[in-house]
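Biologist: I would like to go through the terms used for this structure and hear what each one rests on. Could you take them in turn?

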Amino acid sequence: MSIVKKLDISKYLVIGPENTKGRPVATIIKDAVNAGFTCIQIRSKVASAKELIQLTRQAAEAIEEAGKSKEVALLVNDRLDIVLAARKEGIKVDGIHVGQTDIPVDVCREYLGEELIVGLSARADELFEYIKTADVSQLDYFGVGPLRETQTKPDCGLGKDGRVITRSFDDIAKISELSSIPVVVGGGVKLADIPSLAQTGADGFFVVSAVTEADNPKLEATKLVNAWNDYKSRE
Ligand code: TZP
Ligand code: MG
């Protein structure tokens with residue numbers, strides 16, 4: 001059960017059955033991976049544990065069929081139990097992504113060991129100070145956002161005053177500079193944002209709806225990948 005050789009969060013898809021307009025999750029994952037997405041996160045707030053394990057299995061198979069098991073990381077949102085159960089069943093899942101109110105990072109690390117990936121959504125409030133001072137010793141990357149409010153996760157970026165805090169490209173540039181670990185940015189990200197995002201110095205972008213709700217997910221994924229890669233190849 002190998003894990004990815006080197007984590008690449010540059011083109012990162014978050015997906016669950018509630019996001020796909022009824023289309024199979026695994027098909028969209030395969031399209032995204034074939035288009036060049038480098039990281040996949042299974043995230044569902046409606047699927048049962050059994051369904052999540054099954055989704056993880058199908059996702060791992062889709063990545064394998066695309067011949068990308070060594071390059072594309074497969075992560076599960078929130079659910080350490082699912083990561084452990086899936087690995088016990090021999091499913092190649094590479095780690096977990098957690099939020100500020102989920103299972104603590106040190107517990108994830110203890111159960112997953114040194115090799116697997118642990119990502120964390122950064123705090124919404126006092127973000128700059130947080131990024132500067134957070135203990136990142138057990139972490140692989142930060143998720144940061146939102147760029148703008150999003151119906152996919154309406155509470156993303158909710159500050160203490162109950163208002164959503166969105167991030168400008170300048171904020172993202174500052175955060176990317178301050179962070180000692182890689183930063184992936186998402187929340188309301190659309191194709192037109194990719195060139196500006198790539199210029200901030202962020203390590204990658206993540207999307208849900210831009211791919212999962214597209215009429216043609218493969219085409220949309222390809223456009224997102226090309227937009228990012230075009231900028232990066234000119235650097
Ligand atoms: N975490 C922070 S924002 C978000 C998640 C899972 C949802 C982003 O969805 P979309 O559709 O790309 O705006
Ligand atoms: Mg969470």
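Modeller: What follows is a set of questions about the terms, each answered from a predicted model.

Biologist: What makes the strands a barrel?

Modeller: Eight strands form a closed barrel in the order S1-S2-S3-S4-S5-S6-S7-S8, with parallel pairing. On average, neighbouring strands of this sheet are turned by 25 degrees against each other, direction ignored.

Biologist: How do you know that S1 and S8 are paired?

Modeller: Two strands pair if there are at least two bridges between them. Strand S1 (residues 11-15) and strand S8 (residues 204-207) are joined by three bridges and run parallel, so they count as paired. Lys11, for example, has Phe205 in S8 as its bridge partner.

Biologist: Why is H1 called largely enclosed?

Modeller: Nine of the eleven residues of H1 are buried, so the rest of the structure largely encloses this helix. The buried ones are Val25, Ala26, Ile28, Ile29, Lys30, Asp31, Ala32, Val33 and Ala35. Their cover includes S1, S2, H2, helix H8 (209-212) and helix H9 (217-234). Helix H1 (residues 25-35) lies across S1 and strand S2 (39-42), at about 175 degrees to S1. After H1 comes Gly36, with a positive phi near 115 degrees.

Biologist: Which record feature includes both Ile42 and Lys45?

Modeller: An unreviewed UniProt entry places the feature "binding site" at Gln41, Ile42, Arg43, Ser44, Lys45, Asn77, Ser121 and Lys153. The UniProt entry, also unreviewed, gives "domain: Thiamine phosphate synthase/TenI" at residues 12-211. In the model, the end C-alpha atoms of residues 12-211 lie 10 Å apart, and the span is 36% helix and 17% strand.

Biologist: What makes Lys21 and Asp78 worth a remark?

Modeller: Most residues other than glycine have a negative phi. Lys21 has a positive phi of about 55 degrees although it is not a glycine, and Asp78 has a positive phi of about 70 degrees, again without being a glycine. Lys21 is in the loop between S1 and H1; Asp78 is in the loop between strand S3 (73-77) and helix H3 (80-88).

Biologist: Are these two buried or exposed?

Modeller: Lys21 has 12 C-beta neighbours inside 10 Å and therefore counts as exposed. Asp78 has 20 C-beta neighbours inside 10 Å and therefore counts as buried.

Biologist: How do you know that the bond joining Gly145 and Pro146 is cis?

Modeller: Omega for that bond is about 0 degrees, and the bond is cis. Most peptide bonds are trans. Pro146 lies in the loop between strand S6 (141-144) and helix H6 (169-178).

Biologist: What makes up the shell around ligand 1?

Modeller: Ligand 1 is surrounded by 16 residues, the closest being Thr150, Thr152, Gly187, Val208 and Ser209. By class, the shell has seven nonpolar, seven polar and two charged residues.

How values were computed. Residues numbered from 1 in each chain as written. Chains lettered and ligands numbered in written order. Predicted model: local features only at pLDDT ≥ 70, side-chain atom pairs only at ≥ 80, totals over all residues. Near = placed C-beta within 6 Å. Nonpolar A, V, L, I, M, F, W, Y, C, P; charged D, E, K, R; others polar. UniProt positions renumbered as here; feature names shortened; annotations may be inferred. Helix = DSSP H or I, 4+ residues; strand = E, 2+ residues; numbered from the N terminus. Axes fitted to C-alpha atoms, helices over the stretch in contact; angles between N-to-C directions. Contact = placed C-beta atoms within 7 Å.
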